[in-house]
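Here are my notes for your first pass through this entry. Keep the structure open beside them and take the points in order.

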Amino acid sequence: VMRHLEATGPERRLRDHFHQVVESFLPEELRMSIREEMWVPRLMSLGLIREIASWSDLFVGQLAQLVQEELYASHAVVFKHGDVASAAYQIFDGSVVIMALAFDEPHMHPAPLTSGMWLGE
C-alpha cells in the first residue's frame, strides 16, 4: 500500500486539487460540460458504448458524469479473475500486463495492453 501511495502521490494530489476547485467554485452546468468534454471522446472509443449511444442522444453525456479517474502504481493488481465486473478501464498512459494463474503457475497474456485500449473483468 505504501509503495502504491508513494508512486501515485503527486498525481493524486494534483487530481484531487483539480476536483476540489471544480466542485467548489464552478456552477453545476459548467461542471457537467467539463465532464462531457473530458470523457465523451474517450467513452466513445469503446464499441459497446458507441452502440448504446446510437439508441439515445443523452446516454454518453450522462455516463460522462459518472466517470472516475483511477491511478495505479506499477505492478498493482487492478482486479482478479472471477471478480464481479463493476467497471471498464481505459488505459491513459503506460501499459497493462494480464497475468493468470493456471495450475498455480503464472501465465502472461501474449501482448500488453497499451494507451487507449480498454479492459475489464
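1. Start with tyrosine 72. Its relative accessible area is 36%, so this residue is partly exposed. Buried would mean under 20% and exposed over 50%. Keep in mind that you are looking at a predicted model.

2. Now find the partner of tyrosine 72. The rings of tyrosine 72 and tyrosine 89 form an aromatic pair. Tyrosine 72 sits in the loop between helix H4 (59-64) and E1, while tyrosine 89 belongs to strand E1. The pair therefore ties together parts that are 17 residues apart in sequence. Tyrosine 89 is partly exposed too, at 22% relative accessible area.

3. Look around that pair. Tyr72, Phe79 and Tyr89 make up one aromatic cluster. The count of aromatic pairs comes to 3.

4. Next, the largest pocket. It holds about 1700 Å³ of space. Its lining has 44 residues, and Tyr72, Val78, Tyr89, Val96 and Leu119 are the closest to its centre. So which elements give two or more residues to this lining? They are helix H1 (2-25), helix H2 (28-43), strand E1 (89-90), strand E2 (95-96), strand E3 (99-102) and strand E6 (118-119). Sorted by class, the lining has 29 nonpolar, 8 polar and 7 charged residues.

5. The second largest pocket has a volume of about 180 Å³. It is lined by 15 residues, with His19, Arg35, Met38, Trp39 and Val67 the closest to its centre. H1 and H2 each supply at least two residues of this lining. By class, there are 7 nonpolar, 3 polar and 5 charged residues.

6. Stay with histidine 19 for a moment. This residue lies in helix H1. Is histidine 19 buried, partly exposed or exposed? It counts as partly exposed, because its relative accessibility is 36%. Arginine 31 is 12 residues away from histidine 19 in sequence. Their C-alpha atoms are 9.9 Å apart in space.

7. Find it in strand E3. At 41% relative accessible area, alanine 100 is partly exposed. Now compare chain and space. Histidine 81 is 19 residues from alanine 100 along the chain, and 7.5 Å separates their C-alpha atoms.

8. Step back to the whole protein. How many helices and strands does it have? There are 4 helices and 6 strands. Read along the sequence, the pattern is α-α-α-α-β-β-β-β-β-β. The protein has 121 residues, and buried ones make up 17% of them.

9. Last, check the confidence. The mean pLDDT is 84, and 86% of the residues reach 70 or more. Among the elements, H4 has the highest mean pLDDT, at 97. Strand E4 (residues 105-108) has the lowest, at 66.

Key. Residues are numbered from 1 along each chain as its sequence is written. This is a predicted model: local features need pLDDT of at least 70, side-chain atom pairs count only at pLDDT 80 or more; totals for chains, interfaces and linings use all residues. Side-chain values use heavy atoms; hydrogens and water are left out. On a 1 Å grid over the protein atoms alone, a cavity is a set of points where a 1.4 Å probe fits but cannot get out, and a pocket is an open set with protein on both sides within 12 Å along at least five of seven lines; lining residues have an atom within 4 Å of a point. Grid points are joined across faces, edges and corners, and a volume is the space filled by probe spheres set on the points. Ala, Val, Leu, Ile, Met, Phe, Trp, Tyr, Cys and Pro count as nonpolar, Asp, Glu, Lys and Arg as charged, and the others, Gly among them, as polar. Rings of Phe, Tyr and Trp (its six-membered ring) pair if their centres lie within 6.5 Å; planes under 30 degrees apart count as stacked, over 60 as edge-to-face and the rest as tilted. Buried means under 20% relative accessible area, exposed over 50%, partly exposed in between (1.4 Å probe, protein chains only). pLDDT is the predictor's confidence in each residue, from 0 to 100.
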